[in-house]
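Please keep the structure open while reading.

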Amino acid sequence: MPTPMNRGAFAQAGSSLAFKTGTWRSAKPVHVHATAPCHGACPAGEDQQAWLALLQEGKPQQAWERLVTTNPLPAISGRVCPHPCESACNRGQYDQPIAIHGIERWLGDEAIRHNWPYPRRAGDARPERVAVVGAGPAGLSAAYHLAQRKFNVVLFDSLPEPGGLLRSAIPPTRLPRSIIDAEIGRLLSLGIEFRPRTALGRDVSLDDLRSEFDAVFLGIGAGKSRHWDVDGAVPADLHEGLALLREWLAVGALPHPNAVVIHGGGNTAVDLARIMRRAGVRDVHVVTASGLPGPGTESDDVLNVVPRELEQAIEEGVQFHPHRTINRLIMRGSKVVGVEMVRLKKLPDGNGHKARVSFEGTETVLHVDMVVPAIGEVVDPTGLEAILRQKDYLGVDRFGQVNGHPGLFAGGDARDGIKGHSSGTVSAAIGDGRRAAEGIDALLSGRDADEEKRPALPYTALNLSYYESSPRIELSTLPLEKRDDSSEIEGGPNTVDALAEAQRCFSCGNCLACDNCWTLCPDNAVLKTMETASDGSHYLFDYDFCKGCGLCAKECPCGFIAMSEDE
Amino acid sequence: MNQTPNDPRSRQPRFRGLEAGHRACQGCGEALAARLVTEAAGPDVILTNATGCLEVFTTSWPQSAWRVPWLHSLFENSAAIASGVEAALKAQGRRSKVIAMGGDGGTFDIGFQALSGMLERMHNVLYVCYDNEAYMNTGIQRSSSTPHAAMTTTSPPGKERMGKRHLKKDLLSIIAAHHIPYAASASVAYPQDLRRKVRRAMEIDGPTFLLVHSPCPLGWGHDGSETIQVARLAVQCGLFPLVELERGEVASVMPLRQKAPVTEYLRLQTRFRHLFVDDDHRAREEREHLQALADYNVERYGLTGDGDDPFDADGADTVRRGGPARA
Amino acid sequence: MLEALEGSAAVARAVARCRPGVVAAYPITPQTHIVENISKLVADGKLHTELVSVESEFSAASVALGASAAGSRAYTASSSQGILLMTEVLFNISGMRLPVVLTCANRAIGAPINIWNDHSDSMAVRDCGWIQLHCADNQEAVDTSIQAFRIAEAAELPVMVCMDGFVLTHTLETLEIPDQDMVDQYLPPFHFGRMLDPRNPLSLGTLVGPEYFSETRHLAHQALLDAASIIVDADRQWQELSGRSAGGLLTVEGPKDARIGVLAMGSLVSTFRAAMEGTQTSAPGRLINLRAFRPLPVDSLRQACDGLSDLVVVDRAISPGFGGVLGGEIRAALSGMTQAPRIHNVAIGLGGRDVPMEMWGRLLNVPAEDAGFRILDLEPAKLGDAS
C-alpha cells in the first residue's frame with residue numbers, strides 16, 4: 001500500500017530513518033586497534049599507549065597494573081632500559097618523544113611507595129612444576145608470568161640474593177639497591193619458591209631438573225667474558241671489564257692506572273669507564289667499533305648504551321673513540337704502554353650482509369698503561385655442555401624453547417639472537433621471560449603458543465591537526481660535582497610532571513575518546529555508547545546509514561579508524 | 001521509527017536535530033553544519049529553510065530527517081517566513097527560538113532583501129547561512145559568494161577567463177552594518193567553536209547571524225573524506241576568517257597560530273585546478289591574487305599576532321594532547 | 001450601529017474584529033489606506049496584533065505564510081504589482097493549505113503604470129489555488145472580510161477578498177461594523193492542527209516527486225471545489241447573526257422573466273443595481289453578481305442562467321490574444337448546458353475608466369449588436385495610428 005498523501009504534504013519528525021543510506025556505501029569504516037610504535041619497539045612487550053591512556057584518565061594505580069601485566073619490574077626497567085620505545089615514539093617526529101622511561105619509573109616508584117599489589121590473573125592452580133634457573137631479569141620475568149598462570153615455580157640462583165646482573169653488573173648510581181630489593185621482593189612473594197646458592201652444574205644438574213620438573217627455563221645470563229686478544233697478543237695482567245665491574249660492585253676494589261683504554265661499546269664498557277673516571281683515573285678512553293648516536297650513524301651501528309648514560313659519561317670526562325678498533329698492542333716487555341687504533345665502519349659486503357671494514361692509513365696511537373676488554377660475554381658452559389655444543393649461546397625459537405629440546409626453555413642474555421626480537425638488555429630479558437611462560441603454558445596445555453599481533457601504526461596515519469606542540473618534561477640529573485659511587489645520578493619526574501607528560505601521548509592506534517568521529521559524521525551514523533563497546537571504544541558505526549564517506553577515518557587523530565572494502 | 005528504548009541511537013547524549021537517513025552526498029559539509037547547528041540549538045526551536053540542497057536532501061516526502069519543527073517555502077524567503085513565524089510566536093506568547101537557514105544562494109543573492117528586512121525589523125531570529133560558495137543544488141553555478149577565480153559551471157576557465165572574475169561578497173560586513181547584536185563566521189572544521197557561537201546567538205533576544213563555511217565535495221572537487229581538512233585549511237590560510245561581531249564591531253577572532261599558504265588550500269580542490277597549470281602565467285597571477293586576499297583578511301582582522309588573544313575562548317579544536325596550547 | 005466610513009477603514013476595522021495574530025503588509029496604492037488604518041488601530045491599542053511592516057509584498061506574503069504555519073491567524077493586503085510580486089508565495093500558501101486572508105484592492109497592472117481599478121491583478125493569480133471572493137460594495141467587503149477567516153480556517157485554504165481599488169477602498173459609505181461579540185461568536189479562535197510546534201515537530205513544505213505530485217494537485221483542486229459549500233454555509237450563518245448576506249457564491253437580481261442577463265463582479269454590480277432601480281424605462285435585464293470566482297460555482301451559474309436567451313459577461317481584465325478572462329471562464333462553465341444562453345463578452349472600466357449607470361442599458365443591447373469580444377468603452381478616436 002502506498003503512503004496516502006496528506007494535507008499540504010507534511011512529514012513526521014525523524015521519518016528519514018526509514019531510508020537506509022547505508023546501501024550507498026562502497027567502503028566502510030572499521031575500528032582498528034593498531035600497535036603503537038612504542039609498543040612495537042618495546043623488548044619487554046609493554047603496551048605503553050595503554051597505560052599512558054589510563055594515566056591520562058588520572059588512574060595511576062590502574063596504569064601500573066596494566067604495565068605489570070607484561071613487565072613486573074617497571075621501577076628497574078624505567079631506570080636501566082635504553083628505551084627504544086622513545087626512539088620509536090611518533091611524537092618524536094612531531095616535537096619530542098614522550099619521556100616514557102621517566103613515567104614508567106615514576107609508576108614503579110609509586111607502586112613501591114604505596115605498596116600496590118600485583119593484579120592477579122584469574123584461573124585455577126596448575127599442578128605442573130616449572131624450574132627457573134637464574135634470578136636475573138629473564139628468570140624473574142619467567143617466574144612471575146608462570147606464577148601468574150598458576151604454575152608451581154621454583155627459582156634457582158647460584159648467588160645468595162636474587163637479581164642477577166641487576167646487582168652484579170649495574171652500578172647503584174644507575175639502579176639503587178633499594179629498588180631492586182623492593183621489586184624483586186614483591187615478585188617473589190607471589191608464591192615463588194626461591195632457592196639461592198644453587199648453581200647449575202655444581203649444586204644441581206640439568207638432568208635432575210628435567211626429571212623433577214615439567215619444564216625448565218634457563219635464565220642464566222652470559223657470565224663468561226668473550227675471549228679477547230690482538231693478533232694473539234694479550235697483556236700479562238689482563239683484566240676483563242665485567243670481572244672488574246663485578247669486583248668493584250662486590251668489594252669496591254678497582255685498579256688505578258694513569259690511563260686506561262676500554263675496548264667495547266656496551267653498558268659494561270661505559271659503566272666501568274665512568275667508575276674508573278670517578279675513581280680518579282686521569283685518562284679513560286673507550287674504543288668502540290660502533291658509532292655515537294647522530295645523523296651519520298645508522299640505527300644498527302649505534303653504541304648499545306642508554307643515550308643519556310653516554311651523555312653523562314662524556315660530561316664526566318670519558319673520551320670516546322667511535323668507529324675504531326684496536327689494531328695493535330704497544331708493549332714494553334709484557335706491559336702495555338699504548339695501543340694503536342684504526343678507523344673502521346660497518347659496510348655492506350655485497351652478499352646482503354654487513355661487515356666491518358678498517359681503513360688503512362687512519363692508524364693513531366693512544367698512550368695508556370692498561371687495556372680492558374669489554375667486548376661482551378658468552379654463556380658459561382658449566383653444566384650445559386651437552387646442550388651448548390661449543391656454541392656461545394643457546395638457540396631458541398620465538399617462545400624460548402631450546403632448539404631440539406622440548407620442555408627446555410631459555411631467555412635473556414643466554415639465548416642466541418631471534419629475528420624480530422632485540423637482545424642484550426634487561427627489557428629484552430623481561431620479554432623473553434614472558435614469552436617463555438606462554439611457550440611453557442602452551443606446551444603443558446597441549447596448544448600452540450600465541451602472541452597478540454596487531455598492525456603497526458605509522459606516523460602518517462595520525463591526523464596531526466588535533467595535536468599541539470608541547471615540550472617534553474625535563475628530567476633532573478645529579479650535578480657533576482655531586483656524583484659519587486652510590487648516589488643515583490638520574491632523577492625521576494614528580495607527580496605533576498609525570499601526569500603532564502602522559503598527556504602528551506598521541507594515543508597512536510587506539511581510541512582516545514575525543515568524539516571526533518561522533519561529532520563530524522554528517523550522517524549521524526556514528527553512535528556513542530555509555531558502555532565500552534566490544535572493540536574497546538565508545539563508538540559504534542551504524543552501517544544502516546553510514547554512506548562510507550571516510551570523514552571519520554580521516555579526522556581520527558590516532559588512526560583508530562580505517563576504511564575497508566564493503567562486501 | 002525503527003527504534004526500541006535500548007537502541008543506542010535513541011540514547012545518544014546529544015540532541016539530534018537532524019536525523020540519519022537524509023540524502024546528502026557523502027561527506028557533505030552542509031549536512032554536517034546543519035547537524036551541528038541544530039544539535040547546539042536544542043529541541044526548542046522552529047526552523048525555516050530556503051530552497052536548496054539542505055531542503056531537498058532532508059525532506060523527501062513522506063520522509064523528513066528533522067526532529068524539530070521545520071518550514072520550507074521558497075528559495076528567497078527563508079528570512080521572511082522566519083519573521084512570520086517569530087511574529088506568530090510573539091503573538092501567542094511562545095518562546096521557542098526561530099532559526100532561519102539558507103545556502104549562500106538563498107542568503108547572499110536571492111534572499112538577501114528578505115534577510116536585510118528581517119535584520120532591520122529586529123526579529124528574534126538566528127539566521128544561519130551554510131556557505132558552500134556556489135549554487136550547488138542546481139549543479140554548481142557561481143554565486144556572489146563564490147571565491148575569486150573559482151571554477152563553476154557558469155564561471156568556467158578558458159582562453160578568456162580564469163574562473164570567476166569577481167570577488168566573494170563580504171556579506172558579514174553588510175550584515176554587521178545592520179547593527180545587529182551578534183554576527184559571526186564559523187566553520188565545520190571547528191565544531192566546538194561553531195557550537196559555542198550557536199549557543200551565544202541563541203541567548204540573544206534579537207536578530208543574529210551565523211555564516212558557516214561548509215565545503216561541498218561535489219562542487220569544490222575534493223574527496224568526501226577531506227571535507228574537514230579543506231574547511232580547516234580555508235580558515236588556516238586566512239581566506240575564511242572566523243570572527244565574531246557585536247553590534248558591528250569585531251569582538252573576537254580565531255587566531256591563526258600557523259598560517260597556511262593559500263596554495264595548500266587551493267590545491268586540494270579541482271575548482272582551482274586551472275590555477276595550477278604550469279605554463280600559464282595567469283595561473284600564477286591568480287594564485288598570488290588569492291594569497292593577497294588572504295593576507296588582507298589576516299591583516300584586517302588581526303588574525304596573527306603576539307601573545308594571547310583575550311577573546312579567543314577556544315582556539316582550534318584539538319583533542320588537547322600535549323596539554324593546553326598556553327599554560 | 002451605522003457609520004459613514006471609507007472602504008479601507010471599514011475593512012481595517014472588520015479585520016481587527018477578527019483578532020489576527022499577525023498582520024504583514026507593504027504599502028501600495030490603492031491598498032495603502034487599509035494598512036494605514038490597521039497601523040493606527042495598533043498604535044491606538046485598539047488592535048493587539050504583531051504588525052510586521054515588511055520590505056516588500058513578497059515578504060508580506062511570506063510573513064503571513066510563516067505566521068499561519070506557526071498557528072497564528074494571518075492577514076495581508078495588496079494590489080496590482082504587489083500581488084504579482086507575491087505570486088510565488090501565493091502558490092506556496094495554498095499548496096501548504098494555509099488559511100491566510102488577503103485583501104486585494106484591485107488595480108490594473110503596468111506597463112504602462114496605472115494605479116486605478118480593474119481586475120488584472122487578481123485574474124493574473126487566478127490559478128494560484130486561492131479562494132477568490134469579490135465584493136460589490138463596502139458592506140459586503142466588511143462582511144466578506146469576516147467570513148473570509150471563517151471560510152479559510154474551515155477549508156484550510158487561503159482566501160483573497162477582492163474589492164475594487166478607489167471605487168470601494170476610497171469611497172465613503174454608510175455601513176455597519178459588526179460588534180466584537182458578534183464576530184467572536186461567529187469566528188472561533190484559530191487552531192491549526194499542523195502548527196509548527198517543538199512538541200510535535202512536523203516538517204512543512206517538503207519535496208514531492210513525480211510519484212505523488214498528481215495526487216497533491218488533485219487534492220488541491222478537490223479542496224477548492226469542496227470550499228463552495230463552506231462559502232455558502234459561512235454566508236448563511238453570518239446572515240443568521242447579522243441579518244446580512246454577502247452574496248453566497250453568486251446572487252441573481254432583476255425580473256424573473258428577463259431574457260437577457262448580465263454577469264459582473266465587484267463594484268460594477270453596485271453600479272448596475274443602481275441603474276436597475278433608477279431606469280424603469282430600459283429593457284428588463286437579469287443581473288448575475290458572481291461573488292465566488294474561485295471556486296467557480298458552475299452549478300449555481302447554470303441555475304442563474306436558467307431561462308436566459310443571452311448572457312453578457314462583463315470583464316474588467318483581458319487576456320490579450322484571447323479576450324475577457326471571465327468571459328472565457330463562463331463560456332466554459334456553461335458549455336454543454338441544455339438551453340444555454342448565447343454568451344457575449346465585453347470588457348469595460350479598465351485602468352479606472354469610469355463606468356456610468358448608463359452602461360447598464362448599453363450592456364443589455366450587446367446581444368443585439370452581435371459582435372465578438374471587445375472593449376466596450378473604447379474610444380476609437382484616441383487610437384490614432386498607434387496600431
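For the helix pair below, axes are lines fitted to C-alpha atoms over the stretch in contact, and angles run from 0 to 180 degrees between N-to-C directions. The model is predicted.

**Helix pair in chain A**
- The axes of α7(A), residues 100–114, and α17(A), residues 495–503, come within 10 Å and cross at roughly 130°.
- α7(A) is therefore oblique to α17(A), since angles over 145 would count as roughly antiparallel and 65 to 115 as roughly perpendicular.
- The crossing of α7(A) with α17(A) is left-handed.
- On the α7(A) side the contact is made by Gly102(A), Ile103(A) and Trp106(A), and on the α17(A) side by Ala498(A), Glu501(A) and Ala502(A).
- Four residues of this contact between α7(A) and α17(A) are nonpolar, one is polar and one is charged.

**Chain B as a whole**
- Chain B contains 11 helices and eight strands.
- The radius of gyration of chain B is 20 Å, which agrees with a compact globule, because 327 residues in that form would give a value near 20 Å.
- The C-alpha trace of chain B spans about 65 × 50 × 45 Å along its principal axes.
- Of the 327 residues in chain B, 60% count as buried.
- Among contacts in chain B with a separation of 6 or more, 69% join residues 24 or more positions apart.

**Where chain B touches chain A**
- The contact involves 42 residues of chain B and 47 residues of chain A.
- On the chain B side, the elements that give two or more residues are α1 (29–41) and α9 (227–236).
- α9(B) gives the most, with four residues.
- The chain B side divides into 17 nonpolar, 16 polar and nine charged residues.

How values were computed: Residues numbered from 1 in each chain as written. Chains lettered and ligands numbered in written order. Predicted model: local features only at pLDDT ≥ 70, side-chain atom pairs only at ≥ 80, totals over all residues. Contact = placed C-beta atoms within 7 Å. Nonpolar A, V, L, I, M, F, W, Y, C, P; charged D, E, K, R; others polar. Rg over C-alpha atoms; globule rule 2.2 N^0.38 Å. Buried ≥ 20, exposed ≤ 12 C-beta atoms within 10 Å, placed from the backbone. Parallel < 35°, antiparallel > 145°, perpendicular 65-115°, else oblique. Left-handed = near helix turned anticlockwise from the far one by under 90°.
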